[in-house]
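Take the fold in steps.

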Amino acid sequence: MKTYRKRGRFAGRQSLLIIIVLAFVHCFVVWFIIEYTKYGRIITRRQGNRNRKVEHKFVVEVNLANGVKGTYTPDTPVDRRHRYNDLSDDEALERYLTDCQRRTLLHGVFRPYKGYLTITIPVIKRYNNSVVLVESTLNSLISSTQQKDISKIVIVVFLLTNDPVWFEKAGKHLYNKYKEPVDKGFIQIVRGHRNGLSKLLPFPGVESRKEKERREENFQFLNILGYAKNLSTYTLLLDEDVLSQRDYFLKILGFIKENTRPYRVWFVLNFSHSNYMGQLMKTSDSLKLIKLLVFLRYDLNYWSLVEYMRGLKGQKKTYRIKNPPFRYIDIKRRTFLPKNYSKI
């Protein structure tokens, strides 16, 4: 009888020891997965995302405002699950944008100096794959630019499409037609499809159709702003199917000088009767707008963000040049920018 009791006690202790060993092994395996595998990094990132809500608000209030007091509060509750990008390090973001800039250039060269004006032309893919409209814009700009001003201006053509076959074919066609100004750095042809900048606007788990459309539109403007940021002092947003006057550059110089006064603050100047085409801004303000574009990509579109930045900078009214140097050839044609005109 005593022998059976001893065996039973030994078996119970042995089972308890096995349970303890298995529990230890299980804990070790879980620790190893979290510490050294991609699944652990995903878990850690998701946990960290939920803890950075206040940090992003701080970035918007302090880093973006850059000395200008003001905050943005959406009318509707904002889902912070999409706001996990850390944009507080300006130098790291600058390096990242420069790296993306090098990867997106299809044809052209980077000049060793910073120019005065970058003219951006977004191009959309058409059903017949035609690039006639952007050719008309380029022909007008080239013929209206004096030889002495070419070194101060760079024209950037953005091929906005996810079709790699089309932008390769269209880019090669434009390069062959404008080979000399492209090789001199006067014209740059850029692919504007999803590239390294997509890390700033990642695909979320769930998004509505409206959210997707707004994110994709804001991504196109993010491409334009990010690429043109370090090329020149000012950035001018044009469009396809646009005619320019022969003295357009002199008018831009004169209007900038006219509005560069000690007590006049501006964020954007308008060089067209259109409210969107012909907007000019300082590239020194681009980083603030890029951060807002990433942070509020589901809440506001690009034009609302421009108006918001105007208010932050203290620009109380629209500064539009008289007798604008740029106009659409046909306002009924579909282009990337909406055809919205002022009442003036």
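Patches are made of residues with over 30% relative accessible area and no salt bridge; like charges are joined within 9 Å, and nonpolar side chains (Val, Leu, Ile, Met, Phe, Trp, Tyr) within 5 Å. Accessible areas come from the Shrake-Rupley method with a 1.4 Å probe, and for residues only the protein chains shown count as cover. A salt bridge is a side-chain nitrogen of Lys or Arg within 4 Å of a carboxyl oxygen of Asp or Glu. L17, V21, F24 and V25 make a nonpolar surface patch of about 400 Å².

The model is predicted: local features need pLDDT of at least 70, side-chain atom pairs count only at pLDDT 80 or more, and totals for chains, interfaces and linings use all residues. Residues are numbered from 1 along each chain as its sequence is written, and side-chain values use heavy atoms, with hydrogens and water left out.

V21 lies in helix α1, residues 2–36. Helices (H or I, at least four residues) and strands (E, at least two) are DSSP runs, numbered from the N terminus. V21 has 44% relative accessibility, so it counts as partly exposed. Buried means under 20% relative accessible area, exposed over 50%, and partly exposed in between, with a 1.4 Å probe and protein chains only.

Now the whole chain. It has 11 helices and 10 strands. Of its 344 residues, 47% count as buried. The chain exposes about 19400 Å², and carbon and sulfur atoms supply 56% of that area. Take contacts (heavy atoms within 4.5 Å) between residues at least 6 apart in sequence: 81% of them join residues at least 24 apart.

Which strands form the open sheet? The order is β1-β4-β3-β2-β5-β8-β7-β9, eight strands with mixed pairing. The edge strands β1 (105–107) and β9 (319–320) each pair on one side only. Two strands pair if DSSP finds at least two bridges between them. Strands β7 (residues 268–270) and β8 (residues 279–282) run antiparallel and are joined by three bridges. V268 has M281 in β8 as its bridge partner.

Helix α6 (residues 164–177) packs on this sheet and touches β1, β2 (115–124), β3 (153–160) and β4 (187–191). The direction of α6 makes about 150° with that of β3. Axes are lines fitted to C-alpha atoms, for helices over the stretch in contact, and angles run from 0 to 180 degrees between N-to-C directions. Helix α11 (residues 302–313) lies across β5 (232–237), β7 and β8, at about 50° to β8.

Turn to the charges. The structure holds 12 salt bridges. In one of them, D163 meets K125, with the closest N and O atoms 2.7 Å apart. This pair links distant parts of the chain: D163 sits in the loop between β3 and α6, K125 in the loop between β2 and α5 (132–144), 38 residues apart. D163 is partly exposed because its relative accessible area is 23%. K125, at 34%, also counts as partly exposed.

K125 has another neighbour. R334, in the segment after β10 (326–328), touches I124, K125 and R126, not counting residues up to four places away in sequence. R334 and I124 are 210 residues apart in sequence, yet 9.3 Å apart in space, C-alpha to C-alpha. R334 is exposed, with a relative accessible area of 55%.

Is D149 buried or exposed? D149 counts as buried, at 3% relative accessibility. Its salt-bridge partner K148 counts as exposed, at 54%. Salt bridges that share partners join K148, D149 and K152 into one network.
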